[in-house]
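Hi,

Here is the structure for you to look over. My notes follow below it.

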Amino acid sequence: MRARRLALALAGAGLGAAAYATLVEPRWFALREVEAAVLRPGARGPLRVLHLSDLHLWPRHEAIARALRRFATTDPQVVVVTGDILGHRDVVDEAVDLLAEVGSGRVALAVLGSNDRFGPTPKNPLRYLTRRDAPDEPRGAPLDAPRLVAGLEAAGWHVVDNRAVRVETAVGTIDVRGVGDAHLGCARLETVGGPAPDDVALALGVTHAPYTAVLDRFDRAGLDLALAGHTHGGQVRVPGLGALVANCDLPLAQTRGLSDYGAGLALHVSAGLGQSRYAPVRFACRPEATLLTLTPA
């Protein structure tokens, strides 16, 4: 009888955890506020940067749209989206309209992720426990990434996939080095170029997947801060232990939040706001955006 009661209790706890992970936490959006002392001497700080990632938007995804509009009321001066904006082939125009609203009147930067080029496909989630990288993973139907890029650029966004740009902000010039999605094999590391110039307030690296080859290149170039997504923070975390997977070769301890990398690079990885419809769960890893307040080092 005791064994039966224990089995029933464990089954009930499992069902409760599954219901929470699929029905509650994926819609429980968080705004994290983090301070990072990364601006260069003489910069007119502070600078507020809203870091968004992994929206995985579907048509009429009003929950995320409301969250983004709420986050934009924090009055960031810069908005950065680190990829995986799309989650469906029919959401390009909706995504552009939403991000045009969020980025209006601000410096807005974006890179693409694999889900901006290919639609989601069913996958066995257990594979992530045995493989840190999966270059041969199946790809869904091609998405209209060129239309997404054109729409964002028409709305004033800088899409910095394998591009370097300089943008003017309230604290001075930011030197931005963007790298394409390494998970998809789109990273062109030569885009990072040589050492960051001295006449800027911040040297910023932006990428979707924080593979160490990309981060090493950012660090060697003397960049001050790197922003990335892709990991979903592990998506399922064990309290007291943390993430079980990173979906890239980044150390598990760095799959979410602000950390130090290499000789002098500050790294911020967003756990993202969405997830694939084939893995619509989160546990101990709320969907999030981050308001970074950058101050002089």
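**Contacts of T293**

Leaving aside residues up to four places away in sequence, T293 touches V34, E35, A36, P46, L47 and R48. Keep in mind that this is a predicted model. T293 lies in strand 14, which covers residues 288–296. T293 is partly exposed, with a relative accessible area of 23%. A37 is 256 residues away from T293 in sequence. In space, the two are 8.3 Å apart, C-alpha to C-alpha.

**The open sheet**

How many strands form the open sheet? There are 6, in the order 6-7-8-9-13-12. The pairing is mixed. Strand 6 (163–169) and strand 12 (257–261) stand at the edges. Each has a single partner strand, so one side of each is left without a neighbour in the sheet. On average, neighbouring strands of this sheet are turned by 25 degrees against each other, direction ignored.

Strands of a sheet pair through backbone hydrogen bonds, either parallel or antiparallel. Which sense applies to strand 6 and strand 7? The two pair in the antiparallel sense, over 7 bridges. Strand 7 spans residues 172–179.

**Cysteines**

The structure holds 0 disulfides. Are C186 and C248 buried or exposed? C186 is buried, with a relative accessible area of 18%. The cut-off for buried is under 20%. C248 also counts as buried, at 1% relative accessibility.

Best wishes

Conventions
Residues numbered from 1 in each chain as written. Predicted model: local features only at pLDDT ≥ 70, side-chain atom pairs only at ≥ 80, totals over all residues. Heavy atoms only, no water. Pairing = 2+ DSSP bridges. Helix = DSSP H or I, 4+ residues; strand = E, 2+ residues; numbered from the N terminus. Axes fitted to C-alpha atoms, helices over the stretch in contact; angles between N-to-C directions. Disulfide = S-S within 2.5 Å. Buried < 20%, exposed > 50% of the residue type's maximum accessible area, 1.4 Å probe, protein only. Contact = heavy atoms within 4.5 Å.
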